Amino acid sequence: MQFAFQHLVERAPAEAVAAVIEVANNNMLLIAANDETNALVELLRKMSRS
């Protein structure tokens with residue numbers, strides 16, 4: 001999979017590379033937001049048990 005992705009990026013025009021970077025960036029932001037939400041949910045669960 002990594003080889004196929006690397007092959008695509010090496011052959012893609014600049015616009016496609018920019019789109020791939022944007023998708024990757026958005027994915028990382030999504031993961032960070034989910035982590036924050038999960039932490040808040042866990043905190044609320046702990047508080048409700050007290």
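**Surface and shape**

Author: Let us start with the surface: the protein exposes about 4,600 Å², and carbon and sulfur atoms supply 65% of it. Please keep in mind that this is a predicted model.

Reader: What does the secondary structure of the protein come to?
Author: There are two helices and zero strands. The radius of gyration is 18 Å, whereas the globule rule gives 10 Å for 50 residues, so the protein is more spread out than a compact globule. Along the principal axes, the C-alpha atoms fill a box of roughly 55 × 20 × 5 Å.

Reader: What share of the 50 residues do buried residues make up?
Author: The share is 0%. Buried would require under 20% relative accessible area.

Reader: Why is Leu 40 called exposed?
Author: The label needs a relative accessible area over 50%. Leu 40 has 53%, so Leu 40 is exposed. You will find Leu 40 in helix H2, which covers residues 14–49.

Reader: Which residues form a nonpolar patch on the surface?
Author: They are Leu 40, Leu 43, Leu 44 and Met 47, with about 430 Å² of accessible area together. A patch takes residues with over 30% relative accessible area, and Leu 40, at 53%, is over that cut-off.

Reader: How far apart are the mean positions of the positive and negative charges?
Author: For the 4 positive and 6 negative charges, the mean positions are 15 Å apart.

Methods
Residues are numbered from 1 along each chain as its sequence is written. This is a predicted model: local features need pLDDT of at least 70, side-chain atom pairs count only at pLDDT 80 or more; totals for chains, interfaces and linings use all residues. Side-chain values use heavy atoms; hydrogens and water are left out. Patches are made of residues with over 30% relative accessible area and no salt bridge: like charges are joined within 9 Å, nonpolar side chains (Val, Leu, Ile, Met, Phe, Trp, Tyr) within 5 Å. Accessible areas come from the Shrake-Rupley method with a 1.4 Å probe; for residues, only the protein chains shown count as cover. A salt bridge is a side-chain nitrogen of Lys or Arg within 4 Å of a carboxyl oxygen of Asp or Glu. Helices (H or I, at least four residues) and strands (E, at least two) are DSSP runs, numbered from the N terminus. Buried means under 20% relative accessible area, exposed over 50%, partly exposed in between (1.4 Å probe, protein chains only). The radius of gyration is taken over C-alpha atoms; the globule rule is 2.2 Å times the number of residues to the power 0.38. Lys and Arg count as positive and Asp and Glu as negative; His and the chain ends are not counted. The place of a charge is taken as NZ of Lys, CZ of Arg, CG of Asp or CD of Glu.
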